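Take a moment to turn the model around before you read on. We will walk through it together, one part after another.

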Amino acid sequence: MERMSWFFIAVIGLIVGYIIYGKFVDTVFKPDPQRATPATSMADGVDYVSMPTWKVWLIQLLNIAGVGPVFGPIMGALYGPSALLWIVLGSIFAGAVHDYMAGMLSVRYGGANVPKVVGNNLGAFARGLMAVFAVILLLLVGTVFATAPAGLLATLTPELSLAGMGPFGVWLTLIFIYYFIATLVPIDKLIGRIYPVFGALLIIMALGMTFGMMFELPDKFYNWADWTQNQHPKDLPLWPLMFITIACGALSGFHSTQSPLMARCLKNETDGRKVFYGGMIAEGFIGLVWATVGMTFYDSAQAFFDAGAPAKVVYSTSVALLGGFGGLLAILGVVILPVTSGDTAFRACRLTIAEILKLDQTRKDKRLLIAVPVFVLGVLLSQIDFNIIWRYFGWSNQSLAAIVLWAGAAYLYRRGKLHWVCTVTATFITAASVSYIMFEPTMGLGIAVSTANWIGIVIAVVCVALFLAFGKKEVAGAPAIDKT
């Protein structure tokens, strides 16, 4: 079957998954249309602001869809068509469930950030660990999502210079200035107003690349061997690497740091499926576009690998498929993704630290007290090699996803609901994350991959056993358990 046919089958799979499994997960959780949401019960005009559902959905999508659903699937596509399977199945059964639970639990806990959500379900130690984990991840994300778009914009403006800085330095400075402003002002005054424009560029990018693939690329075929064999030109192990590399296009812990931002703006709990589950399905579509571009545009996996960094792939494929002007719009659409996640990453970092320190964020001076040192650290991190930051981001991202899924499983388990919608995925990604850190030679322990995989499986099984044995135990200091 032609590669584009598989792409459209995959897209249909995402839609069917949203309709059927998304509804099932929503039924398991049981949103309450009569319960007041934080947007109304805790309105403060800064972070707790009720907004129309369509706008909340769009901001959620732009918040979560950073450079990950572009760069991750491009790098993951080197493994072959199995990348498409992971994007579809991961989005439906893992990523969308993760985002839904993170968002809805934040709604139930008064717009709480992810450390509090985790602590209420897994205990004080997990809350403290998650607080550190979340702040570090958000700093890494904010930095990655500043340097990546700066690099893409620099390729479009090679002659740009200002105050002794080249094009990359100029764009990086401008992006950090925007991030700083967006982190401080009320969410509906800047983000809520400009995101619809950014969303239009995002849609143009996704649809433009889809049509470009349909009309400009030659027909190629998959056979059974393509789906069952690892096609990476360097023979890097598909498990666990592909499941860490393709994060934001299938499952991403970073999303759990963003969902509370929109949990504070949701008008009704029944909108949670559209906003949180649906936002991830839309991001899965973006991941499919770029994974298919990577596998289809190049003559071979080796040629794909030799094309260079993901930013170069984005530039060359966009221009080749859509021409100069269309390619420019597509590249700007890709630039929008990290920019609209970087600004909210720093915003979420501010709010997470404020929650830990119990600092009132309705006051400008208190917001500045946190934002200034956070951005100083972000600027310093931006001087580190992008590839090093990305490796740490990938592992910490999926580890965070595992912890949040275990927290969601515990929430359901204590209420007598079908916790397996979270437990199965939590077990899977726990095994992948542990295997990765055991195997990875640069940042991990460098253990042989076969041994690392067995260690990952054993630890995941132990986690399941401990969860089933102690998961129903009430957490000290957590809100009283209700049955809704």
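What follows is a tour of a few helices, loops and contacts.

A word on the ground rules comes before the tour. You are looking at a predicted model, in which local features need pLDDT of at least 70 and side-chain atom pairs count only at pLDDT 80 or more, while totals for chains, interfaces and linings use all residues. Residues are numbered from 1 along each chain as its sequence is written, and side-chain values use heavy atoms, with hydrogens and water left out.

With a relative accessible area of 47%, Ile-15 is partly exposed. That label falls between two others: buried means under 20% relative accessible area and exposed means over 50%, using a 1.4 Å probe and protein chains only. Together with Ile-12, Val-16, Ile-19 and Ile-20, Ile-15 makes a nonpolar surface patch of about 470 Å². Patches are made of residues with over 30% relative accessible area and no salt bridge; like charges are joined within 9 Å, and nonpolar side chains (Val, Leu, Ile, Met, Phe, Trp, Tyr) within 5 Å. The accessible areas come from the Shrake-Rupley method with a 1.4 Å probe, and for residues only the protein chains shown count as cover.

Now move to the loop between helix 1 and helix 2, where you will find Lys-30. Most residues other than glycine have a negative phi, and most peptide bonds are trans. Lys-30 is not a glycine, yet has a positive phi of about 65°. Lys-30 is also exposed, at 51% relative accessibility. Lys-358, in the loop between helix 15 and helix 16, has a positive phi of about 60° although it is not a glycine either. At 71% relative accessibility, Lys-358 counts as exposed.

Next, look at helix 11. Trp-239 and Pro-240 are joined by a cis peptide bond, with omega of about 5°, and Pro-240 lies in helix 11. Six of the eight residues of this helix are buried, so helix 11 is largely enclosed by the rest of the structure. Among those buried residues are Pro-240, Leu-241 and Phe-243.

Is Ser-252 buried or exposed? It counts as buried, at 0% relative accessibility. Its contacts (heavy atoms within 4.5 Å) include His-98, Asp-99 and Asn-397, not counting residues up to four places away in sequence. Although Ser-252 and Asp-99 are 153 residues apart along the chain, their C-alpha atoms are separated by 8.4 Å.

Helix 13 is our next stop. Its 26 residues, 272-297, reach 37 Å from the first C-alpha to the last, close to the 38 Å expected at 1.5 Å a residue (the expected span is 1.5 Å times one less than the number of residues). Where is the kink in helix 13 centred? The kink, of about 35°, is centred on Gly-278; the bend at a residue is the angle between axes fitted to the seven residues ending there and the seven starting there. Helix 13 is mostly covered, with 23 of its 26 residues buried.

Finally, consider the charged pairs. Side chains of opposite charge can pair when their charged atoms come close. The structure holds five salt bridges (a side-chain nitrogen of Lys or Arg within 4 Å of a carboxyl oxygen of Asp or Glu). One of them joins Glu-269 and Arg-35, at 3.4 Å from N to O. Glu-269 lies in the loop between helix 12 and helix 13 and Arg-35 in the loop between helix 1 and helix 2, so this pair ties together parts that are 234 residues apart in sequence. Glu-269 is buried at 0% relative accessibility, whereas Arg-35 is partly exposed at 25%.

Arg-347 and Asp-47 also meet in a salt bridge, at 2.8 Å from N to O. Because Arg-347 lies in helix 15 and Asp-47 in the loop between helix 2 and helix 3, the pair ties together parts that are 300 residues apart in sequence. Arg-347 is buried, with a relative accessible area of 0%, and Asp-47 counts as buried at 5%.

How values were computed. Helices (H or I, at least four residues) and strands (E, at least two) are DSSP runs, numbered from the N terminus.
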